[in-house]
Each structure stands twice: as structure tokens, then as C-alpha cells.
Amino acid sequence: MNIVVTGIGPRCGTSAMMRLLINNGWDPHSVAEQFPHYVAREKNPEGFWDVSKTYLETPTPITLGVNQCIKLWHPYFSYIDWTTVDLMVILHRQDFIKQFKSTDKCAKAEGYHMTIQQYSEILTAVHKNIKEISSLVKQLRIPMRYLRGSPNSVLTKIKEAV
């Protein structure tokens, strides 16, 4: 089963989901990089698993092989061949304020400043882009608290979804 991992905004558990999948038999796609160029490692010491800068400089269509996973954010949805994807796992946090504060803290560590308006625009774009591809691929929404509290039940949900 091939999986695209994405989230409703940054800091919602996508890196943890990638680690869970990789630790349970999925292979990260070759364009995935554990520590992309922009990350503040101290904010996520086990890795981010985003697409690499090298790939983004010369993007080509992404085709998933067998039992692969990739974390992909909404600006890059057009890069993937959705016919090779079995499931999109969408992570989200229920507390928007905590998520914004966590995102802001991480952004500052990475040298960025983000306003609440910019963050709101990101969330709006994410929702729009996820909805646009909902007819192309089966989607499963996972609250971050479930990923933290019961990762095995999340794996079961993923396996049952397809």
C-alpha cells in the first residue's frame, strides 16, 4: 500500500506519522529527506521526512513504487501521480492556538517570522487543495492526539482503510 502523508498545517504530526510508517515496513520515497535544508533539528530531532531541496529545484513526476510513503504538502500535490497512491493520511490538531504557537516557535528557530494572518492563509489553502484531490485518492484523517496516544490503532485504521 502506497501512502501520501500530509497535514492541516505545520506541526500536526506528519513527521511522527512518517516515522511510524517507516518503522512498520513502508519505505520512504527516494525524494524524501530526513532532515531537509530548512529544518531546525532541535525542534524535531528524529527527522522531518520532507521532499529534498534537490528535488524541488528540478521536480519531476513522483511515482510511488511498492509499499512506499511520502510526506507531501499541498503546494506539491500536482507533482505526484495519484494513480500510484492508495491512501492519503491527513494529520490534524484540534487546538488551533496550540498548533499556531508550536508552528511559530519552530518557524523562529528556522529563521522565519509568521503572522497569524499568514498561518490562516496556509490553513485555507491546505483545506482547499485537499478537497480538490479528494476524488482522486481515498483519504483518512487522523487527529494528532491519536497518533501520540495509540499509534498501533492508527496503523490498524490505515490498513483497514484500503
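Modeller: Two strands count as paired if DSSP finds at least two bridges between them. The model is predicted, and in it five strands form an open sheet in the order β2-β5-β1-β6-β7, with parallel pairing.

Colleague: How do you know that strand β1 pairs with β6?

Modeller: Pairing requires at least two bridges. Strand β1, residues 3-7, is joined to β6 by five bridges, so the two strands meet the definition of a pair. One example is Val-5, whose bridge partner in β6 is Val-89.

Colleague: Why are β2 and β7 said to stand at the edges?

Modeller: β2 (27-28) and β7 (139-143) each have a single partner strand, so one side of each lacks a neighbour in the sheet.

Colleague: What does helix α6 touch when it packs on the sheet?

Modeller: Helix α6, residues 151-161, touches β1, β6 and β7. Its direction makes about 170° with that of β7.

Colleague: What makes a group of residues a nonpolar core?

Modeller: Its members must be buried residues of the listed kinds, such as Val, Ile, Trp and Met, joined through side-chain atoms within 4.5 Å. The largest such core has 23 residues, and Val-4, Ile-62, Ile-70, Ile-80, Trp-82 and Met-88 have the most contacts inside it. Both β6 (87-92) and α4 (116-132) supply at least two residues of this core; α4 gives the most, with four.

Colleague: Which residues belong to the second, separate core?

Modeller: That core has 22 residues, including Val-5, Leu-21, Cys-69 and Leu-140.

Notes: Residues numbered from 1 in each chain as written. Predicted model: local features only at pLDDT ≥ 70, side-chain atom pairs only at ≥ 80, totals over all residues. Heavy atoms only, no water. Buried < 20%, exposed > 50% of the residue type's maximum accessible area, 1.4 Å probe, protein only. Contact = heavy atoms within 4.5 Å. Axes fitted to C-alpha atoms, helices over the stretch in contact; angles between N-to-C directions.
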